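Okay everyone, thanks for coming. I'd like to walk you through a structure that may be new to you, so let me put it up on the screen.

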Amino acid sequence: MDAVIILQAGVATGTVLLFATLGGIFSERAGVMQLGIEGMMLLGAMAAFSVTVATGNPWLGLLVAMLAAGLLSQIHAFITITLGADQVVSGLSLTFVGTGIALVFGEQLSKAGVISLIPRYTVPFLSQIPFIGTIFFTDHSVLVYLGYLLVPLASYYIYHTRPGMHLRAVGEQPSAADSLGINVYRTRYIYVFICGLFSGLAGGTISLAISPGWFSELTTSGQGWIAVGLIIFSQWDPTRALVGAYAFGALRRLVLDIQGPTILFGMRNPFYYNPYWGFFLMMLPYAFTIIVLVIGSYSAMRRRLGAPAALGIPYIRGERGV
Amino acid sequence: MTDLAPVKSNNRFPFQIRFEPRLGELKWWQSLLISLIALIVSLLVGALLLSVVGGNPWKAYSHIAKASFGDIGVFSDTMVKAIPLILIGLACSVAFRMKLWNIGAEGQFFLGAFGASIVVLIPIVPDGSPAWVYISVMALFAMVFGALWGFLPGYLKARFNVNEVISTLMMNYIAVAWNNFFIYAVWSEGGFQMSKMFPRAAWLPRLTDFSKQIPELRGLTTHAGLIFALIMVVVVWFLLSRSRWGYEIRLIGDNPKAANYAGIQIKKNVILVMMLSGGLAGLAGMSEISGVVHRLQGAISPGYGFTGIIVAWLAKLNPYLVVIVSILFGGLILAGREIQPSGIPKLIQGIILVSLIASDYLVRNRVRIIRRTED
């Protein structure tokens, strides 16, 4: 058990959470709560895997995964934006539908053999830096590097561009945005779609790069929900999302690796000699999500900032409200 | 598509459809009709998807109907599936009435099963106790453990404003791992992932147990958990519709600001409602292990906690309708086990929930067909 290896694997595992969290940040910045991420991720994982099995091209698989999840997200968009229904229940139902479709179409996939995966890459020079080089730049899937790129891009887009400002306006004060000529409905549709694309990407990242294969519902095993928790922890900020996602990735990895060695910190490893203690280790990522939520919610409450003001509230033109 | 206000268009069709906010309350048959239409639409969509994946939807549907309501024997099995759904549907109804999204009924169900099990396996009551002692202590422990599992997210919501959707969901995963630890490590019986069989006194009596007196009951598996469930239906109905506390819950759900001004303690009620909700789900866990499997084991729930959400929603949070809807979904779960591909029942449930939420638009808005005016 080597700390550098765990952190390296944590960055890889965390990339899944990072994509899903970034997507959720976009949607929620526009004022639409996203509880359907888990379902869209599962659909994406299934679509990516099955298309790759059929065509042998993982990039095509990834593209189809994103489009499939994006399409699914539009159900949520229609129900919450056009019909103005409750975003919590709609998001939940999206998870049910996404899971259902993924299970139905993925029925035969677990028997599929070896497929070609997204290629890996070691960055020259950068990978020579001690520790950092190994953790961040050695033998990672190309998608991990995509994650590094997306965070500053998303940050710049949200805080420093005109459409990013419109995005925030729609989430904070839709009526004001509307009066300035921003089409609130269209903006929200677009960002819910983007969230779908990101969730599909996250799902495809699982099945084509991080833990390849299709294991029905266990493929995502609740990572979509952890991402929903991370959105709140990140206070809707891409950079904080990156920190949270990698930390959770490392934690997931640690839980798997800690049971391996016989000696741990110079002592008999209790997790090796009592393998059933592993069940308590399995609880850790979920327990930490709750802890992280408490921290995120508490600091948001104290600093009176955080959640976009119009989050979860349907916008009806001409009606009084935020 | 995004704007439902009337649009001027070039076609000459003299009428147009317009949606207007509904001012008055709906009549009961109107909302029932809307739900029914939503149900039918979702079954049609499900049929479409089924034929896309190469199944025969009508065969699948008639199979579901026959395998769950075909004769008294399978209907009795359907009722067995309906019992936990009723209790969890009630649990969700109570919480949802306050707009408290308890998605953790699944975990509370597992902890209820755990609570009931420790009564037998530690044991809390001495071996050889009479059945009424076993059953009542098990039910009590199940409700307490379920309520504890509901208390934590409720407290976090009240104290730190933690989103209860995620916290309750995370608690589900923790509950499953918790139970698995005890099933694998502590109470494992002969290397199998299950505890020893409970003594007969800890079993909820089934209809078939009375076949000596009434031969027609032979083989019927419906158990006394149904009585618990029906009692809870009345209790929840009374609490929600006839008690002062229920009024507070409904007021918080409809208008938290007004409730706050009226001096209702919202935080206290958040915790109490989560505990009540968890307790009901916990009781479902007890009725399942004491009435069906008679031991603590894994895989005691085919997603009851999540189906319960749809049950509550389809029943419009009405405790009596929860019973009817639970029986329908009990049939779907029972027959769904044999349907290929295995994701179908889950998919159908999802589609039903989607079209139900969408149909809510018709509850809030009325459809008017009006003559296009020249302007």
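Predicted model: local features only at pLDDT ≥ 70, side-chain atom pairs only at ≥ 80, totals over all residues.

Over all chains, the count of aromatic pairs comes to 35.

Let me pick out one of those pairs, A:Phe26 with A:Tyr191. A pair of aromatic rings is described by the distance of the centres and the angle of the planes. For A:Phe26 and A:Tyr191, the centres are 6.0 Å apart with 10° between the planes, and the pair counts as stacked. Where do A:Phe26 and A:Tyr191 sit in the chain? A:Phe26 is in helix α1 of chain A, while A:Tyr191 belongs to helix α9 of chain A, residues 184–210. That puts them 165 residues apart, and the pair links distant parts of the chain. Both A:Phe26 and A:Tyr191 are buried.

Now, staying with helix α1 of chain A, let's look at how it packs. Two packed helices are described by the angle between their axes and the distance between the axes. Here, α1 of chain A covers residues 3–29, and its axis comes within 9 Å of the axis of α6 of chain A, residues 142–160. The two axes cross at roughly 25°. With angles under 35 degrees counting as roughly parallel, α1(A) and α6(A) are therefore roughly parallel to each other. And the handedness? The crossing of α1(A) and α6(A) is left-handed.

Who meets whom in that contact? On the α1(A) side, the residues include A:Val11, A:Leu18, A:Phe19, A:Leu22 and A:Phe26. On the α6(A) side, you'll find A:Leu143, A:Leu146, A:Leu150, A:Val151 and A:Tyr157, among others. Sorted by type, the residues of this contact are 17 nonpolar, 2 polar and 1 charged.

One more residue from α1 of chain A, and that's A:Thr21. Is A:Thr21 buried or exposed? It counts as buried, because its relative accessibility is 0%. Leaving aside neighbours within four places in sequence, A:Thr21 is in contact with A:Ala227, A:Leu230, A:Ile231 and A:Ala241.

Okay, over to chain B, for a few backbone details. There's a cis peptide bond between B:Ile122 and B:Pro123, with omega at about -15°. You'll find B:Pro123 in the loop between α4 and α5 of chain B.

B:Ala299 has phi near 50°, and its place is the loop between α10 and α11 of chain B. B:Leu317 has a phi of about 60°, and it lies in the loop between α11 and α12 of chain B. Their surroundings are another matter. B:Ala299 counts as exposed because its relative accessibility is 76%. B:Leu317, at 16% relative accessibility, counts as buried.

Last stop, B:Leu356, in helix α13 of chain B, residues 344–364. It's buried, with a relative accessible area of 3%. Not counting residues up to four places away in sequence, it touches B:Ser35, B:Ala38, B:Trp313 and B:Leu314. How far is B:Leu356 from B:Val186? They're 170 residues apart in sequence and 44 Å apart in space, C-alpha to C-alpha.

That's my tour, so over to you for questions.

Methods. Residues numbered from 1 in each chain as written. Chains lettered and ligands numbered in written order. Heavy atoms only, no water. Axes fitted to C-alpha atoms, helices over the stretch in contact; angles between N-to-C directions. Helix = DSSP H or I, 4+ residues; strand = E, 2+ residues; numbered from the N terminus. Parallel < 35°, antiparallel > 145°, perpendicular 65-115°, else oblique. Left-handed = near helix turned anticlockwise from the far one by under 90°. Contact = heavy atoms within 4.5 Å. Nonpolar A, V, L, I, M, F, W, Y, C, P; charged D, E, K, R; others polar. Phe/Tyr/Trp six-rings, centres within 6.5 Å; stacked < 30°, edge-to-face > 60°. Buried < 20%, exposed > 50% of the residue type's maximum accessible area, 1.4 Å probe, protein only.
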